[in-house]
Every structure is written in structure tokens, then in C-alpha cells.
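Good morning, everyone. Please take a look at the model on the screen. I will walk through a few contacts.

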Amino acid sequence: MSALTEECVARPDGLHEPVACSTPQIDQAGAGGLLFNPAAGAFDALLQRRLQALARRIVAEYAGQAMPEAVLGVNNVMFLFDPVRLHPEAASAALLRLWETTEPEPVSDRLIEIPVVYGGDVGEDLITLASALGVEVRDYVRRHSEASYEVACVGSMPGFAYMTGLPAEMAVPRRSVPRMKTAAGSVIVGGSQAGVMPCTAPSGWHLLGRTDVPLFDPFREAPCLLAPGDRVQFTVAGIAS
């Protein structure tokens with residue numbers, strides 16, 4: 001199933017920003033899943049907050065009827081439901097109907113500070129990244145720590161937050177060969193996003209440093225420290241040689 005995507009309208013300033021299409025793309029993902037994608041291009045924070053609101057509305061619409069779940073992605077959302085109780089065509093129509101009247105959620109007032117020890121053995125890519133950018137390590141650290149980040153979505157592994165807000169000049173392709181073991185607490189960048197490893201796992205992102213702040217704890221009331229829409233500020237706890 002796929003909704004026809006009409007012509008997208010570019011932004012008047014000519015910047016390479018994402019474009020919301022007049023008819024969002026909807027693709028079937030199994031018998032009881034639909035991927036709703038209204039974006040075309042790079043990340044759009046306003047569109048992301050609108051999708052957050054849509055996720056809440058579509059789940060509330062079918063609460064108690066079709067076992068609904070909405071999984072927020074980067075500028076898209078996956079709607080999961082019981083296809084016996086809710087036909088995919090009806091689910092698709094509901095997504096489009098709700099989208100037309102969904103306003104973006106306001107910017108969150110939650111600001112999470114994450115202290116980081118940059119460099120050293122826990123940030124072995126820092127020198128290379130600074131050199132590639134043509135700046136000193138301290139300047140690279142300043143740029144990373146002074147930027148304002150926002151959690152787009154949580155996924156990939158429990159508690160892993162995809163953060164937007166990395167300065168454009170610091171965007172860097174992910175490693176061609178991922179590390180098989182990246183330690184929990186590693187502060188990382190990949191593509192145009194920033195993140196923190198919530199557990200030890202493979203990763204192709206680049207290592208800047210480490211934090212002692214736990215991103216995921218199954219025994220907390222809210223196991224994931226970060227949620228979509230949260231604002232994040234990295235602070236400099238030190239720079240290791």
C-alpha cells in the first residue's frame with residue numbers, strides 16, 4: 001500500500017531543508033504496520049514535533065480496540081496495530097485524516113545536561129575529527145558542547161537517542177567498518193547526528209569522549225533517560241590528553 005506523493009514545494013529561502021509533501025507517503029510494513037513518511041530531504045525539527053503529536057493521537061484513537069503502537073523515527077512514524085481489528089486501509093485513512101489537523105508539539109522544557117570527558121582512550125576519534133575540520137581539539141570540543149541538541153527519537157537499542165543539532169560543519173560519514181565493541185557512555189557523532197551509547201554494543205559512529213550519566217536503567221520508573229523532544233546540553237567535564 002502506498003499513497004501517491006504529490007509534488008513537493010521547496011522552501012522559499014532555497015536552503016537544503018526538508019520538504020513536506022502535500023500527500024505523505026504511506027507504506028505497508030507487514031500485515032499490521034504502516035510507515036507514515038511526510039518528509040522529503042534532510043531532518044526537519046518542526047515536522048518531527050508534528051509527528052510526535054500524530055503518534056499520540058493515532059494511539060489514542062484506537063486505544064482498547066486494535067492494540068495500537070506508534071514508533072517514532074526520524075521524520076517518520078511506524079503505526080502498528082492488530083489487522084484483524086483494524087483494516088490497513090482504515091488505518092491509512094486515519095493517519096491522513098489526523099495528520100491534516102495535527103499541530104506540532106511545543107518545544108520541550110526538559111533540558112538534560114550530560115557532562116563529558118573528551119578525548120583520551122574513550123574519545124580516540126577526537127583528534128582525527130578536529131584535524132579533518134581544520135581546528136584545534138579545544139575548538140572542536142567547544143563547538144560540540146556549545147551546540148543545542150534535541151532528541152528526535154529513541155531506538156536502535158534501549159535508551160539510544162538520535163539527537164539533532166550537531167553543527168553542519170561537524171557532520172561526518174559513519175565509519176566504513178564499525179567497531180564491534182563501543183562502550184556504554186561513549187559520546188559519539190555519526191552523519192549529522194549526535195548520541196550517547198546506552199550499553200556496550202557495535203557502532204559505526206565516531207568516539208568523542210565518555211559520560212557517566214546512565215542513559216538506560218530498567219529499574220527506573222522511566223527506564224530511558226531521554227525522550228523525543230527533550231533538549232540536551234553536553235558540558236565539558238574535562239579533556240584528556
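Is E169 buried, partly exposed or exposed? E169 counts as partly exposed, at 40% relative accessibility. Here are the cut-offs: buried means under 20% relative accessible area, exposed means over 50%, and partly exposed lies in between, with a 1.4 Å probe and protein chains only.

A word on the source. This is a predicted model, where local features need pLDDT of at least 70, side-chain atom pairs count only at pLDDT 80 or more, and totals for chains, interfaces and linings use all residues. Residues are numbered from 1 along each chain as its sequence is written, and side-chain values use heavy atoms, with hydrogens and water left out.

Now, salt bridges. Side chains of opposite charge can pair when their charged atoms come close. Here, a salt bridge is a side-chain nitrogen of Lys or Arg within 4 Å of a carboxyl oxygen of Asp or Glu. The structure holds 11 of them.

E169 pairs with R143, and their closest N and O atoms are 3.3 Å apart. R143 sits in helix α4, while E169 sits in the loop between β7 (161-164) and β8 (179-182), so this bridge ties together parts that are 26 residues apart in sequence. Helices (H or I, at least four residues) and strands (E, at least two) are DSSP runs, numbered from the N terminus. R143 is partly exposed too, with a relative accessible area of 24%. Through shared partners, salt bridges join D139, R142, R143, E146 and E169 into one network.

One of the bridges links D139 and R142, at 2.4 Å from N to O. These two are three residues apart in helix α4, so about one helical turn separates them.

Next, another pair. R97 forms a salt bridge with E61, with the closest N and O atoms 2.5 Å apart. R97 is in helix α2 (residues 88-100) and E61 is in helix α1 (residues 45-61), so the pair ties together parts 36 residues apart in sequence.

Back to α4. Which residues of α3 meet it? L126, I127, L129, A130 and L133 in α3 meet V137, Y140, V141 and R143 in α4. Contact means heavy atoms within 4.5 Å.

Last stop: S186, in strand β9 (residues 186-190). At 5% relative accessibility, S186 counts as buried. The side chain of S186 reaches the backbone oxygen of A183 at 2.7 Å. Thank you.

Notes: A polar contact is a pair of N or O atoms within 3.5 Å; within protein, one must be able to donate a hydrogen and the other to accept it, and residues adjacent in sequence count only if both atoms are side-chain atoms.
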